[in-house]
Amino acid sequence: MLKVLLIVLIVFACLFLLSLVVYFFNLDMKLAAAMIPVMNKIYDRGKAKREKKAGKMRKEPKQTGRNRYETIR
């Protein structure tokens, strides 16, 4: 039982030290900045897919014999 408790304490201490290193060197923001180009590619691909889908769903109005800008008198 004591051995397990010691292992758990060592793991918590290592995780705490790791979090201090990440905080001190601002590694989370550096990783986020490195991920921006990858995330932009994913976003642009999704945006193009949404625009393509919206274009298919949009129906053009039926053309009657008149010009659509012509007023009815």
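1. Helix 1 has 24 residues and spans 35 Å from first C-alpha to last, close to the 34 Å expected at 1.5 Å a residue. Helices here are DSSP runs (H or I, at least four residues), numbered from the N terminus. The expected span is 1.5 Å times one less than the number of residues.

2. Please keep in mind that this is a predicted model, where local features need pLDDT of at least 70, side-chain atom pairs count only at pLDDT 80 or more, and totals for chains, interfaces and linings use all residues. Residues are numbered from 1 along each chain as its sequence is written, and side-chain values use heavy atoms, leaving out hydrogens and water.

3. Leu15 sits in helix 1 (residues 2–25). Leu15 is partly exposed, at 48% relative accessible area (buried is under 20%, exposed over 50%, partly exposed in between, with a 1.4 Å probe and protein chains only).

4. Which rings pair up edge-to-face? The rings of Phe24 and Phe25 do, with centres 4.9 Å apart and planes at 85°. Rings of Phe, Tyr and Trp (its six-membered ring) pair if their centres lie within 6.5 Å; planes under 30 degrees apart are stacked, over 60 edge-to-face, and the rest tilted. Phe24 is exposed at 65%, while Phe25 is partly exposed at 44%.

5. Just after helix 1, Asn26 takes a positive phi of about 55°. Helix 2 (residues 27–57) has 31 residues and reaches 44 Å between its end C-alphas, close to the expected 45 Å.

Methods: Helices (H or I, at least four residues) and strands (E, at least two) are DSSP runs, numbered from the N terminus.
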